Structure formats: C-alpha cells, structure tokens
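Dear colleague,

I am passing on the structure that we spoke about, with some notes on what turned up when I went through it. Please read the notes with the structure open beside them.

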Amino acid sequence: MQLLVKSATIVDPNSSHNGKVLDVLIENGTITDIKAKIPQAGIKKVIEANDLHLSPGWFDMQANFCDPGFEYKEDLLSGIKAAAAGGFTGVAVVPSTNPTLYSKTQIEYIINKTNGLIVDVHPIGALSQKLEGKDLAEMYDMKLSGAVAFTDDIHPVVSAGLLHRALLYSQSFGGLIMSRCNDTSLATGLCVNEGKISVQMGLKGEPSIAEEIMITRELFLAEYADAKLHLTSISTEGSVSLIRNARKKGLPITASLNAYSLAFEDAELLNWDTNFKVSPPLRGKSDIKALKKGLAEGIIDVICSDHRPEDEENKKLEFDLATPGMLGLQTMYSLVNMHSELSQTDIIYKIAINPRKILGLEIPTINKGSAANLTLFSPSIEWVLEKKDIRSQSYNTPLLNKKLRGKPLGIIHHDSYSLNN
C-alpha cells in the first residue's frame, strides 16, 4: 500500500516533527518520508482534509466488547469497527464477558480472533476466578498468553487480602493490577451521585466516599506490597486529592478517568435518560473541576472511553432498573476535545502515549522509518452523530443527533487504512 497524507499538523511529542505542518508518505506499512511538500504524482491514495492533524494511533485502555457471551450487544468485529471509527488503533478489553476472561483459553480466544486486524485488541485478564472475588485467577498463564493487565472490572475487590496477594504475585512476572474503587456497602447501585440531584430525583445517592474509602485502602495496600497499581474510573474531587498525595510520597500509582466524567454533570439525570446512567455516576461541578485539574497536573494519566454497549432491553426500563453504561469509542475524542481543557499534545499523551506506557506496549512515533500506526483527526470540525453512523451493535448513547466538535477522520495501521465519511 502506498499512501500520502497531505499538509497535516503533526501531534507527537516524541517526534522532532511535533507541531509542524508536513506531508507524510507511507509505503507498505512504513513511514518512508516526511517533508513540507511531497509530490503526489503516481501515488495511489492521497488524504487531505481541512485542519488535518496526525498523531500516533490512539489507544483505549478500558472498553467492553462483550465477546464471548454477549454478542447481541457487541462482538469483537463490531467493537473493532467502532474503535476504528473513533480513531483508535488499539484497545484493551475488560474481562466482563461470559465466560469471563479468567484463563489462558479465553485470552487466546480474543487474541486469535482479532489477530492481524486493523485495530489491535489486547485482553485484560480477570483478577479473580470468574470475577467472584474469592480466589486468584490464573494470572501468570494469562500473562504468557497475552493478557496486558488484570482487573475485576466494575466489580470491586472486596477482600483486602485477595488484592494484597494479587499485588504481591503480579510482581513476580511483571503484571499490572487495575482496581475499580467503589465500596459496595456504601454505594446504592442506583448510579446517582449523592447530593441535590439525587434528592430531587427521590433516589438514594452514591456518596463520593464510597470511591474514596476504597482508594485509601488500595493506596495503603500498594505501599505495603511495594507494588505498582492502576486506579480506574476516577470520578471525585477527593479521589484526585488522595492520588496527588500518594504521588508526592513516591508511590507507583497511575490513574485513569472516563471521558463522560469530564463532559456531563449529574444534573443531566433530571430528564431520566437512562443513557446517562453510568458507573461511576455523573458527579457535580466541583468534581469535574478537580478532574480537569488532575489531568492538567499529570495526577490522572489516562482518559478512557469506558465503552459499554447495552441492548434496548437493558436500557428502556425504569431508571433504577436500567443497566449502567454508554457507548464511548466513537465520541470519546469529541468529548475530550470539547471539555478537558487540554492542549492537543496533552490529549495525545492521555489517549495514545500514556495508556501504552502503563501497559508496557510499544509506543508508536511519527518518524521516518517507523511503522505507520497513526490517527487522522480534526480538532475544529463540527459534526452530528446520527444513528446510521454508529458502528456498534448497540445504540445506548445520549449523544445521538447532538452537535460535537473535533472528529476522528481515520486510522492507518498494519499496512491498511480506514477513513470516516
């Protein structure tokens, strides 16, 4: 394949071309030339667009492709299509499947079924057997088979002893433990932030301390075990403060948040739209302000889509009965671009470079001779998400027919490309 990208602003802090407007020539999956002007005569495919930007391929660290077991919501191929349309060349998928990804057999299923496709799919193995929080899963075997990390996903590890053993055991083979912090004895499961909005809705809210108490426990355990730990789905002001203090102490803690936590506050729920029902719940203005500050300071390393497809049977219900979750891959960049207050370079750190760094994966760069692992995008294009544009098998998003700013235009990866209309 021969492909020329014309007049693109390079956004790659690891490249000497960062910030420059250049042409990029790609041949047989490799960047062969980068210049101000490259003649396009004889080149089979030329890509041009208004306000075209080019960065290392984006990577989502937390998505649910529902496969195996829940293919009526999403399968690996439809998930890959959604990821490509969202500008992602790599995705780490969570183990909340059926059966769960708790042994090397399930890990190998994911890898073998997606091998060689335009989007790299990296399985995250279960921390405990069947996500039950009782016994450790076969983490070492899964690591050898290709698991990039271990988590019980949205199921918090209730047992401190089990998490401590996981932290200790994972050190012996370089594994990474990821923890979702939510004390279920305090959380209601209704996915409404405790405060003025929950009172107006007449629902018992989920207090911030449900997240913060468990983060405190996790930080103590990580320090006690002298182990690295990644905290997922950070959503409160207090959580950011706790992580900031842990970083000052030198603890090897990394953290991520979900894009919707930046974009929407809990008042959105007053319309009873179950597509805004997510876990962790949408929080208040002070929490969102703290999350943005945490991103700017580098306290929060990564922004995730938390892509969770749900069918209509799980969403078109009374609010308290509806399953939490929303689609995220195709709209994540737009939400981050509109609401994070980060520069484009800092956004690329959060959605392309840091996720791979934390997971120990190769970080692509835009340099002559490098493999072409690239995302094409425009920060200024305004667009409307229509139902026909959705590549997932489910449609649970509150952003249908909403105007967005900033659009992924396509990806180039594995000597192939995929472009959006």
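In this predicted model, three strands form an open sheet in the order β6-β7-β8, and their pairing is parallel. The edge strands, each of which pairs on one side only, are β6, covering residues 58–63, and β8, covering residues 120–123. On average, and with direction ignored, neighbouring strands of this sheet are turned by 20° against each other. If you follow β6 across to β7, which runs through residues 88–93, you will find the two strands joined in the parallel sense over four bridges, and within this part of the sheet Phe59 stands opposite Gly90 of β7. Helix α2, made up of residues 104–114, packs on the sheet and touches both β7 and β8, while its direction makes about 175° with that of β8.

Helix α7 (residues 237–248) and helix α9 (residues 285–297) have axes that come within 8 Å and cross at roughly 30°. Because angles under 35 degrees count as roughly parallel, α7 is described as roughly parallel to α9. From α7, the residues Glu237, Val240 and Arg244 take part in the contact, and they meet Ser286, Asp287, Ala290, Leu291, Lys293, Gly294 and Glu297 of α9. Sorted by class, this contact of α7 with α9 has three nonpolar, two polar and five charged residues.

How many cavities of 30 Å³ or more does the structure hold? There are four of that size, and I describe two of them here.

The largest cavity contains about 70 Å³ of space. Its lining is made up of His307, Leu327, Gly328, Leu329, Gln330, Thr331, Leu385, Ile390, Ser392 and Thr397, which by class gives four nonpolar and six polar residues, with no charged residues.

The second largest cavity contains about 60 Å³ of space. The residues that line this second largest cavity are Gln62, Val94, Thr151, Asp153, Ile154, Met178, Arg180, Thr232, Ser233, Ser279, Asp306 and Arg308. Here the classes come to three nonpolar, five polar and four charged residues, the charged ones including Asp153 and Arg180.

With best wishes,
A colleague

Conventions. Residues numbered from 1 in each chain as written. Predicted model: local features only at pLDDT ≥ 70, side-chain atom pairs only at ≥ 80, totals over all residues. Heavy atoms only, no water. 1 Å grid on protein atoms, 1.4 Å probe; cavity = no way out; pocket = protein on both sides within 12 Å on 5 of 7 lines; lining within 4 Å. Points joined across faces, edges and corners; volume = space filled by probe spheres on them. Pairing = 2+ DSSP bridges. Axes fitted to C-alpha atoms, helices over the stretch in contact; angles between N-to-C directions. Contact = heavy atoms within 4.5 Å. Parallel < 35°, antiparallel > 145°, perpendicular 65-115°, else oblique.
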